[in-house]
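Here's a quick tour for anyone meeting this structure for the first time. Take a look at the sequence and the model, then read on.

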Amino acid sequence: MRIGIRGGRILDPLSNAEKKADILIEDGKIAAVGEPLEEGCCDRILEAEGLAVAPGFVDVHVHFRDPGLTYKEDILTGAKASAAGGYTTVICMANTKPVIDNPETLKLVLDKGKQTDIHVLSCAAVTKGMQGKELTDMEELRRLGAAGFTDDGKPILDEELLLAAMEEAVRLNVPISLHEEDPKYIADNGVNRGIISEKLGIGGSPAEAEITMVERDCLLAEKTGVKLNIQHISTAGAVEAVRRSKQRGSHVTAEAAPHHFTLTEDAVLSFGTLAKMNPPLRTESDRLAVIEGLRDGTIDMIATDHAPHSAEEKSLPLTEAPSGIIGLETALALGITQLVKPGYLSLLQLMEKMSRNPARLYGLPYAGIAVGAPADLVLFDENEEWTVQRFHSKASNSPFLGKKLTGRVRYTVCGGKIVYEAEG
């Protein structure tokens, strides 16, 4: 099938180029860029006047709950939500049921991912059962297709074990991504320890729980040379620890979730369990530090930490409900609304955080928008205002439901196929 994209503004973070040009797609790849499309040249032409055209987004941190928890989400619905958000590649976390710590479960996830319209990859667990006691067979899991390794959802407290995992990851040339919250500091996780937790009468999670772990693991990364990714960074102190580690020459990267550069702990008072997450929403100074980290390059990527839960689970009391929110379908709009419109990032820089840098971390093919590149693209209107009304995800646990945002995905193309088209 031949698809044309006419009149769009190309944003290519690989070449750092921004230009208006037509694109011809054939056999799943970009066949031409810049040559005016002739009538009758294509099976379908997407009229992109007024739209930005960028490489499809890459999310290195999603939870599709498959296998074992598919009442929350499954790989097929997660992929549909991804396409609706402009994502053409996602990497699933390993905290499924059973945990992705063995060849059978990894194969199940990867095989089911191949049945979707996008590229669904998966990490495997660092430790067996994510218990933090014994390493998985990282070499075998990597050979079978694990994109990387993470015990996301749980910190790895055993320093010697983590050091061994890092050394193995260096040998295999894969990244390790870490969830950085030390439980010894935490009572009633999901809410920042501070004014709001005191008002609610719960213990909460202090910034130190994250900062101490990030500082420790950056030093281990410097010692081993591992590609270490700090997941969903949320505190000013952790951002500074990553900044210093990078200055010392480490291979540390960091990701920020849209909710951490958009909301503060005050949201818990307004949205209750829809604002409960690990790590929690922090203070305004922390939020601004995350934005500054994105601006100056300390934080390399935007990753959603898409975490679906059922309405019944989220209706439980604050201390009992699970943490997390969905994020795939609002990430672009939050990036434009919170980062681009206020002038913290250019639109091209936002694309770098949402596609080029995530792809680079996992060594994924990334050729930008050029002849011969895979036709994985997103077309969006950076100026369109819209109200979040429904989701393609099975879940709807989002504090942004009903909110007016700016920036809307109009089309997503993956492998040369139109896999999402906005209504209206």
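By class, the lining of the second largest pocket has three nonpolar, 10 polar and four charged residues. The classes work like this: Ala, Val, Leu, Ile, Met, Phe, Trp, Tyr, Cys and Pro are nonpolar, Asp, Glu, Lys and Arg are charged, and the others, Gly among them, are polar. Bear in mind that this is a predicted model, where local features need pLDDT of at least 70 and side-chain atom pairs count only at pLDDT 80 or more, while totals for chains, interfaces and linings use all residues. Residues are numbered from 1 along each chain as its sequence is written, and side-chain values use heavy atoms, leaving out hydrogens and water.

**The two pockets**

- A pocket here is an open set of points on a 1 Å grid over the protein atoms alone, where a 1.4 Å probe fits, with protein on both sides within 12 Å along at least five of seven lines; lining residues have an atom within 4 Å of a point.
- Grid points are joined across faces, edges and corners, and a volume is the space filled by probe spheres set on the points.
- The second largest pocket holds about 330 Å³ of space.
- In the largest pocket, the lining splits into 10 nonpolar, six polar and five charged residues.
- Helix 12 (331-340), strand 16 (377-387), strand 17 (404-414) and strand 18 (417-421) each bring at least two residues to that lining; helices (H or I, at least four residues) and strands (E, at least two) are DSSP runs, numbered from the N terminus.

- Helix 12 is mostly covered, with nine of its 10 residues buried; buried means under 20% relative accessible area, exposed means over 50%, and partly exposed is in between (1.4 Å probe, protein chains only).
- Among the buried residues of helix 12 are Ala331, Leu334, Gly335 and Val340.
- Arg287 belongs to helix 10 (residues 284-296).
- Why does Arg287 count as buried? Because its relative accessibility is 13%.
- Setting aside neighbours within four places in sequence, Arg287 is in contact (heavy atoms within 4.5 Å) with His260, Phe261, Thr262, Leu263, Thr264 and Gln338.

**Strands and sheets**

- Strands of a sheet pair through backbone hydrogen bonds, either parallel or antiparallel.
- Five strands make an open sheet in the order 11-12-13-14-15, with parallel pairing; two strands pair if DSSP finds at least two bridges between them.
- Strand 11 (149-150) and strand 15 sit at the edges with a single partner strand each, so one side of each has no neighbour in the sheet.
- Strand 14 (residues 252-256) pairs with strand 15 in the parallel sense over two bridges, and Ala256 stands opposite Ile302 in strand 15.
- Strand 9 and strand 10 also run parallel, joined by four bridges, with Val90 opposite Val120 in strand 10.
- In strand 10 (residues 119-122), Val120 and Ser122 form the covered face, while His119 and Leu121 form the uncovered one.

**The aromatic pair**

- How many aromatic pairs does the structure hold? There is one; rings of Phe, Tyr and Trp (its six-membered ring) pair if their centres lie within 6.5 Å, and planes under 30 degrees apart are stacked, over 60 edge-to-face and the rest tilted.
- Phe57 and Tyr87 make up the pair, edge-to-face at 5.5 Å centre to centre, with 70 degrees between the planes.
- Phe57 is in strand 8 (residues 57-62) and Tyr87 in strand 9, so the pair ties together parts 30 residues apart in sequence.
- Both Phe57 and Tyr87 are buried.

- Most residues other than glycine have a negative phi, and most peptide bonds are trans.
- Lys97 to Pro98 is a cis peptide bond, with omega near 5 degrees; Pro98 is in the loop between strand 9 (87-92) and helix 2 (103-113).
- Asn278 to Pro279 is cis as well, with omega near -10 degrees.
- Asp27, not a glycine, has a positive phi of about 55 degrees, and Asp27 counts as exposed because its relative accessibility is 66%.
- Asp305 has a positive phi of about 55 degrees too, but Asp305 is buried, with a relative accessible area of 10%.
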